[in-house]
Amino acid sequence: MTKGRLIIVSGPSGSGKDTILQKVFERLPEIKFSISTITRDMRPGEVEGEKYNFVSREYFENMIKNDLLLEYNNYVGNYYGTPKAPVDKAIAEGKEIIVEVDVNGARNIKKCREDAISVFIMPPSYEELNRRLSSRGTDAPEVIAKRMKAALDEIAEAKNYDYIVVNDDLNEAVEDFITIIKSDRLNIKRQNYLIDEVLKKC
Ligand code: 5GP
């Protein structure tokens with residue numbers, strides 16, 4: 001059984017998912033991150049190759065045709081996809097790799113990678129989610145309502161995940177996430193090889 005592990009992470013806008021992941025990578029730098037390939041325009045402050053590789057629709061559709069993606073989704077008119085090769089490489093090398101995808105991506109990955117573990121990052125309450133989505137400055141109430149609806153639709157899918165991390169207190173949420181990773185490292189499925197190694201010597 002493999003020592004590597006695919007870890008799927010999702011969470012709505014306002015869940016604080018990116019901040020939690022950033023702190024997890026600081027604490028556990030050995031974990032890899034899957035850089036998604038996407039067709040939307042780069043936003044100010046984004047850096048090519050950091051979280052995303054930005055490509056044309058034509059390039060992306062060629063990736064689909066050549067079966068280079070583990071999963072992909074069309075999200076508000078743009079493609080978002082997880083390249084297969086880096087995920088397979090990390091797992092073959094016995095490493096953990098985090099893929100950050102929306103709920104559709106998570107469902108599709110689980111279909112073909114049953115041993116992946118999935119973590120959903122939740123805001124602590126409806127009121128707090130509303131407060132976080134409203135506190136971004138100048139957005140019109142209709143825009144906030146749209147974001148709120150999208151977030152609630154995603155939260156409705158959270159019951160299909162293996163773990164839920166509630167982001168009320170950031171430090172606690174980071175600890176919870178790390179606890180999931182560390183306890184998974186102790187899972188028998190990831191340590192079978194140790195037993196075989198010891199038994200091989202007798
Ligand atoms: P944004 O455009 O705000 O960066 O991301 C929009 C949504 O796409 C987020 O929910 C994010 O988690 C999701 N996403 C990012 N990368 C991927 C991917 O490779 N596949 C899928 N299915 N969703 C992704």
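User: Let's start with Asp18. Why is Asp18 called partly exposed?

Analyst: Asp18 has a relative accessible area of 40%. Buried means under 20%, exposed means over 50%, and partly exposed is what lies in between (1.4 Å probe, protein chains only). The 40% of Asp18 sits in that middle range, so the label is partly exposed.

User: What should I keep in mind about the source?

Analyst: It's a predicted model, where local features need pLDDT of at least 70 and side-chain atom pairs count only at pLDDT 80 or more, while totals for chains, interfaces and linings use all residues. Residues are numbered from 1 along each chain as its sequence is written, and side-chain values use heavy atoms, with hydrogens and water left out.

User: What makes Lys51 and Asp18 a salt bridge?

Analyst: The closest N and O atoms of Lys51 and Asp18 are 3.4 Å apart. The rule asks for a side-chain nitrogen of Lys or Arg within 4 Å of a carboxyl oxygen of Asp or Glu, so the pair qualifies. Lys51 is in the loop between strand S3 (36-38) and strand S4 (52-54), and Asp18 is in helix H1 (residues 17-27), so we call it a link between distant parts of the chain, 33 residues apart. Helices (H or I, at least four residues) and strands (E, at least two) are DSSP runs, numbered from the N terminus. Lys51, at 25% relative accessibility, is partly exposed too.

User: How many salt bridges does the structure hold?

Analyst: There are 19. One of them joins Asp88 and Arg113 at 2.9 Å, N to O. Asp88 lies in helix H3 (residues 84-92) and Arg113 in the loop between helix H4 (103-112) and S8, so the pair ties together parts 25 residues apart in sequence. There's also a network of salt bridges linking Arg5, Glu30, Glu96, Asp184, Arg185 and Arg190.

User: What makes Arg40 buried or exposed?

Analyst: Its relative accessibility is 8%, and that's below the 20% limit, so Arg40 counts as buried. Arg40 lies in the loop between S3 and S4. Its side chain meets Glu46 in a salt bridge at 2.8 Å, N to O, and Glu46, at 25% relative accessibility, is partly exposed.

User: Which residues come nearest to the ligand?

Analyst: Of the 15 residues around the ligand, those are Ser36, Arg40, Tyr52, Glu71 and Tyr80. To be near, a residue needs one heavy atom within 4 Å. A polar side-chain atom of Tyr52 is 2.5 Å from a ligand oxygen atom, and one of Thr82 is 3.4 Å from a ligand oxygen atom. An N or O atom in the side chain of Asp102 lies 2.9 Å from a nitrogen atom of the ligand. The protein covers 91% of the 520 Å² of accessible area the ligand has on its own (Shrake-Rupley method, 1.4 Å probe; for residues, only the protein chains shown count as cover).

User: Why is the pair of Phe60 and Tyr79 called stacked?

Analyst: Rings of Phe, Tyr and Trp (its six-membered ring) pair if their centres lie within 6.5 Å; planes under 30 degrees apart are stacked, over 60 edge-to-face, the rest tilted. By this rule there are 8 aromatic pairs. Phe60 and Tyr79 have centres 4.6 Å apart and planes at 0 degrees, so they're stacked. Phe60 is in helix H2 (residues 57-65) and Tyr79 in strand S6 (residues 78-83), so the pair ties together parts 19 residues apart in sequence. Both Phe60 and Tyr79 are buried.

User: How do you know what kind of pair Phe120 and Tyr161 form?

Analyst: Their centres are 5.1 Å apart, with 70 degrees between the planes. Phe120 is buried at 0% relative accessible area, and Tyr161 is buried at 11%. Elsewhere, ring pairs link Tyr52, Phe54, Tyr75 and Tyr80 into a cluster.

Terms used: A polar contact is a pair of N or O atoms within 3.5 Å; within protein, one must be able to donate a hydrogen and the other to accept it, and residues adjacent in sequence count only if both atoms are side-chain atoms.
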